[in-house]
Amino acid sequence: MPVKLICVSHTPLLDFASPPPEIEASARAAFAQLAQQVKAYDPTLIISFGPDHFNGFFYDLMPSFCVGVRATAAGDWNYGPAPLNVPEEKALGLIEYCLEHDIDLSYSYRMQADHGITQPLDLFCDGQLDRYPVIPIFINGAASPMPRTKRVIQMGKVIGEYLKTLDERILIIGSGGLSHDPPTPQIQTAPAEVQEFLIAGRNPTVEARNIRQSKVIAVGQRLANGDMSAALPLNPEWDKDLLQRFKHADFDYLAAMSSEEIRRDGGRGGQEIRAWMAAFAALSAFGEYDAEIQYYEPIQEWIAGMGMMTASPL
C-alpha cells in the first residue's frame, strides 16, 4: 500500500489578511504545488491529524484524541458547514486496532472539525471537503492539560501499524503549528463569561463567530504593524529546528518536549505541533522515510510560522 505524508501549518487568516505580495504569492504557490501532488497521487484514504480552536471541542468533555466516525466541517472561517467523506468501517477499524494495542481513543459520530483539519482539505482538494475519503483525528492542542508528546507519538505509531493492514493509497496529513500565539483564552485566567464559552460554546451564532474572528484578525494586523505586545513573536529558529527534527526522525527529542517548553518557545499555538508528531510517527511505522522541507516563512499577518513538509518511505 503506497503512503505519502504532507505536514503544513494552517492559518485562519489565509483569506482575511494580506502579507506583502511576494510573500503571499510564494506561500500560495507552495500550497498549490502540494495540491498538484495530491491530485496526481489521488489518495483512496486520507488520515488527517489536526487540532481544534474551541469550535468543535470544548471543556464540557475534552478528549486528548478523538476519531471522527462521522464528521462535518464546523463552519469557522468559511470552511463549511459541510460533510466530510468519512469511511465509517475503516474509522471503526482504526479505533478497534488502537484499543487492541493499548491506545484508548475517543470517537464521535458527530464530530465538528474546525479549520485545523478542514483548511488543508480545502486547499488540497479544490475546495471539495468531501472529495476524498478521510478519517479526521483530533489532537488536543489548545485546552490545558494536553496529551504528553510521548503519548502522541505512541498513538501515531499504532495508527501507522493499522494503516499497514489496509489496501489503500494513503495520504497522511498533519496540520498545526509552527510557532504562533493567537489570542486563545486560557480557562485558568479567563473571566466567568469566557470560561462558559470555553466549556460550552458549541454552535455559536453567526454574529458571535464573526466577533470572535475579528479579534484574531486584529491581532494579525497589530503584529504586522510591529506591535509585538499583541502576542509572542514568531520564532523562526525554533520552527527551523523542529523541521530538521522531523526530517531526521528525531522522535526521542520530540517525545521529551513538554507543554511548558512548547508554550515558551512556540506560543499558545505551538502546541499544535502534536499533529505533526502523530503524522510523522504514523509514517515511521512503514520504516525509514525521506522527508523534504518544501517551504518555510514566518508570516506575521497570518500569525504563523508557515512550514510545509512532505515525506515518503525509503
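**Reading helix α2 and its cysteines**

Q: What covers the buried residues of α2?
A: Covering here goes by contact (heavy atoms within 4.5 Å), and the cover includes the strands β2 (45–50), β3 (65–68), β5 (106–108) and β7 (134–139), along with helix α4 (149–163). Helices (H or I, at least four residues) and strands (E, at least two) are DSSP runs, numbered from the N terminus. The model is predicted, so local features need pLDDT of at least 70 and side-chain atom pairs 80 or more, while totals for chains, interfaces and linings use all residues. Residues count from 1 along each chain as its sequence is written, and side-chain values use heavy atoms, without hydrogens or water.

Q: Which residues of α2 are buried?
A: Buried means under 20% relative accessible area, exposed over 50%, partly exposed in between (1.4 Å probe, protein chains only). In α2 (residues 88–100), Ala 91, Leu 94, Ile 95 and Cys 98 are buried. They line one face of the helix, because they fall within an arc of 95° (directions from the helix axis to the C-beta atoms) when seen down the axis. The face turned away from that buried side carries the exposed Glu 89 and Glu 100.

Q: Is Cys 98 buried or exposed?
A: Cys 98 is buried, at a relative accessible area of 0%; Cys 125 is buried too, at 2%.
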